[in-house]
Amino acid sequence: MDPSVDTERFRPFADHGDAFLVVSPWGIYMANASPTLIHQIATRRTDWVKPIEHYGVVERFGPNVVTTEGSTWRDHRRVSSSAFNERSNAVVWQESVRQAGKMIKAWKRREGNDDEGGDGKAGMWVEQ
């Protein structure tokens with residue numbers, strides 16, 4: 001089995017299908033592992049309004065692209081979108097992998113196990 005696959009996290013989908021609802025007195029939660037449905041939600045923003053009342057912690061420094069909807073969201077999106085492109089995402093990914101590797105090496109040294117397996121990635125499974 002591929003150690004990078006979190007089988008426990010996907011067990012509910014094996015039991016209930018690609019998308020299902022969890023209904024409780026505190027609200028309705030949709031669990032989704034369907035690429036088709038994810039595409040529909042992402043491309044039909046006006047049909048899927050996000051519950052901005054749950055994003056208070058993200059609004060610490062004021063309204064932003066995560067905590068707004070409608071014309072305010074469009075304004076925030078227009079201003080912030082130039083910072084999020086493939087080039088900057090690649091830089092963020094590379095730095096994240098580098099820092100995660102250093103953390104794992106430090107943890108292994110602390111545990112008295114500094115064997116890196118010869119690949120320099122300290123046991124990380126990373127698809128690039």
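The dialogue below goes through the salt bridges, the pocket and the surface patch of one predicted model.

Me: What should I know about numbering and confidence in this model?
Reply: Residues are numbered from 1 along each chain as its sequence is written, and side-chain values use heavy atoms, with hydrogens and water left out. The model is predicted, and local features need pLDDT of at least 70, side-chain atom pairs count only at pLDDT 80 or more, and totals for chains, interfaces and linings use all residues.

Me: How many salt bridges are there?
Reply: Side chains of opposite charge can pair when their charged atoms come close. The rule for a salt bridge asks for a side-chain nitrogen of Lys or Arg within 4 Å of a carboxyl oxygen of Asp or Glu, and by this rule the count comes to three.

Me: Which pairs make salt bridges at 2.8 Å and at 2.6 Å?
Reply: The side chains of Arg 44 and Asp 47 meet at 2.8 Å, N to O, while those of Glu 95 and Arg 98 meet at 2.6 Å, N to O. Glu 95 and Arg 98 both lie in helix 4 (residues 86-110), three residues apart, which is about one turn of the helix.

Me: Is Glu 8 buried, partly exposed or exposed?
Reply: Buried means under 20% relative accessible area, exposed means over 50%, and partly exposed is in between, with a 1.4 Å probe and protein chains only. Glu 8 is partly exposed, because its relative accessible area is 49%; Arg 11, with 45%, is partly exposed. In the second pair, Arg 44 is partly exposed at 39% and Asp 47 is partly exposed at 48%.

Me: What does the largest pocket look like in numbers?
Reply: A pocket is found on a 1 Å grid over the protein atoms alone, as an open set of points where a 1.4 Å probe fits, with protein on both sides within 12 Å along at least five of seven lines, and lining residues have an atom within 4 Å of a point. Grid points are joined across faces, edges and corners, and the volume is the space filled by probe spheres set on the points. The largest pocket has a volume of about 580 Å³, and of the 17 residues that line it, the closest to its centre are Ile 41, Trp 48, Val 49, Lys 50 and Pro 51.

Me: Which element gives the most to the lining of the largest pocket?
Reply: Strand 2 gives the most, with four residues, and strand 2 (27-32) and helix 2 (35-43) each supply at least two.

Me: Which residues form the nonpolar patch?
Reply: A nonpolar patch joins Val, Leu, Ile, Met, Phe, Trp or Tyr side chains within 5 Å, using residues with over 30% relative accessible area and no salt bridge. Here Leu 21, Val 23, Ile 28, Met 30 and Trp 48 form the patch, with about 510 Å² of accessible area together, an area that comes from the Shrake-Rupley method with a 1.4 Å probe. Strand 1 (19-24) and strand 2 give two or more residues to the patch. Ile 28 lies in strand 2 and counts as exposed, because its relative accessibility is 64%.

Conventions. Patch = residues over 30% accessible without salt bridge, like charges linked within 9 Å, V, L, I, M, F, W, Y side chains within 5 Å.
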